[in-house]
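Colleague: I would like a close look at a single part of this model. Please keep the answer connected.

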Amino acid sequence: MSNKEVKAALKSARDAIRNKEYKEALKHCKAVLKQEKNNYNAWVFIGVAAAELEQPDQAKGAYKKAIELEPNQLLAWQGLANLYEKSNQTDVKGDLAGVYQKLLELYESGDKQKWCDVCNKLVELYHQEKKYLEVAETWQKLIQMKQEEGAEKAELHQLWKKMIQLLKDSTQNQDNKTEQSLLTAFEHAVNSADTVPGEDHQNLYKDFIQCLSKFPHETARLEKACNDMMALYPSVSYPLEVLCLRFIQSGTLSEEALHCFSRLLEMDASSGPGIIGFGIKCLQEKKYKEAVKALTEGLQKTSQCPAAWHYLAEAQMKIHKHRDAVLSCNQALEALGTPEGPSLQWKNIILQLKAEALIKIADVDAAEEAIKALEQIVDASSDPVIVSIRGQAYLNKGLMEQASKISQELLLSHPDLAESHALEGFIHYFQKNYEQAERSFLNAIERKGETAEYHQYLGLTYWFMSDETKKDKGKALTQFLKAAKLDSYLGSVFCYLGNYYRDIAGDKSRARGCYKKAFELDGTDEESGTAAVDLSMELGDVDTALSILNEVTEKASTGTAKWAWLHRGLYYLRTGQASQAVADLQAALRADPKDSNCWESLGEAYLSRGSYSTALKSFRKASELNPGLVYSVYRAAAVEQILGKYENAIATYQQILKKTEDYVPALKG
């Protein structure tokens, strides 16, 4: 076959392909290859024909042979690209990327439009395979090519926006190069927008800031973006909110942060981050109740902020709302999710605070939960303060041996730590070894004199040690006063002060003030509430007594606050307000249906109201619950007499006289 015949055969093959006569084309190509086995065009035409005849392996082999012969010729590469694009096999994706890269190389110096088309295809391929770094590098080459060709600003803007779209899912990949490419794309996009300010540009800026806020190490860039956006859009609160949240999460509050909070609240008084910031400021200024109020309100609007929940728990601890603090710590941990890096530090801090709150609740279940929280803290065993909390948890569980072991180890390893001596003091106090407890608490106070709890427990140690130390003003009283001065929210210490002034000093007025303060601080403290009411009554201040009782009963749910209902019911009974007395005594019995004295008082209230049958039932119920209540039995007989049931009344009177011969009311009856 001469050279001329080869050319003719190749032309016939091309015509056959054009006419879709692929088998015919293959015949012509094979004839050529018999003569010239390295004929590039013949191999390319075999690739085309085999592909159309759905013989992909033969087509691939033919194209690869052609490429081997002429690696820098376009035709075979284009054919191979078409073949791979049509293939459903997933394993060709990697090969296709290589083919596109070669095509880019070949088109670079020639057909720019085709280069761009292939570039788009390659990026799409990488994007499908989530190869974000390759997406970023390839797309940047496309933008560079467009820039060199003098593309319009608007076209480049769209290309940067497209790059953002392509990379926006890559933030989970934690790849620094891809992350930087995404942020660069955002920076170019916001700076190349046509209409500034404008709605699209504003939304783009928001997306940029949102993206930056996902990267903890990009603080400087985030601050710049927020400040730039605020300069362009001074009435939009979003960038300020993001900045405020970053300050809150950082755990340190600078002047700049406080300025940000107040500026945000001026712009939008209902902004969650702004209100949270105000709450943290209150916490810093020791305005704990205001802090709790503001942080609670702010978190209703911006709940996914672990640091804010932690600040709320801190403020709740300061006012001794320990159960609330535990709930806030749980919310903080939930908002953290699965922490790593800086978040892990937050997790440890929150778990420690949760354990401290649970220790203050001081029951066995809470102690168990505290131990579980401490077990989750990384490197907990190397922190002596955390170890001392664990010791207190064991003490609250009644595990004296484990608590004592921890205490002894801490005193050996950290003799200068106040918590080491305090734990020893708590153990001695619990065991009623008051002299040793005194020594331990004095040691703790020497090292950390500002802790109210240490003074309170030293005061209690003196209170129970002996009558002398209880009465000695320089002992119990002095320590209680110091504790109250150091922590004005510590309700229990005001209760102890009330006990001192009532039982030792005999100063009812001052005692009443202390009990009232204790009860205001802790509405669940029945002892203080009862004492405040009783002393108010004794001092003739009925209004104060009733205002306390009214406040408690208004808030009380069914079956609670028995002491308040009972006290008010007895007051109404004494003052002849029988119907109110009946209602209150019934409420008291809903809280404790087995209180015989309460049933007796209810009988009196019904009797005052003229409800004889129900009075009779109440007196009988009282004597059933407590057969020793002679008065209730007598009152039942008296009511039977009023109702004309004389035989029953006589029998009941005789029953009383059998037990108590000289019970005058029964004889009289």
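Is Ser170 buried or exposed, and what is its relative accessible area?

Modeller: First, the ground rules. The model is predicted: local features need pLDDT of at least 70, side-chain atom pairs count only at pLDDT 80 or more, and totals for chains, interfaces and linings use all residues. Numbering starts from 1 along each chain as its sequence is written, and side-chain values use heavy atoms, with hydrogens and water left out.

Now the residue. Ser170 has a relative accessible area of 5%, so it is buried. Buried means under 20% relative accessible area, exposed over 50%, and partly exposed in between (1.4 Å probe, protein chains only).

Ser170 sits in a loop. That loop joins helix 9 (153–167) to helix 10 (176–192). Helices are DSSP runs of H or I with at least four residues, numbered from the N terminus.

Next, the surroundings. Set aside the neighbours within four places in sequence, and Ser170 is in contact with Tyr132, Thr178 and Leu182. Contact means heavy atoms within 4.5 Å. Take Leu182: 12 residues separate it from Ser170 in sequence, and the C-alpha to C-alpha separation is 8.6 Å.

A disulfide is a pair of cysteine sulfur atoms within 2.5 Å. Searching the whole structure turns up zero disulfides. Cys329 is in none, and its nearest cysteine sulfur, that of Cys305, is 14 Å away.

Technical notes: Helix = DSSP H or I, 4+ residues; strand = E, 2+ residues; numbered from the N terminus.
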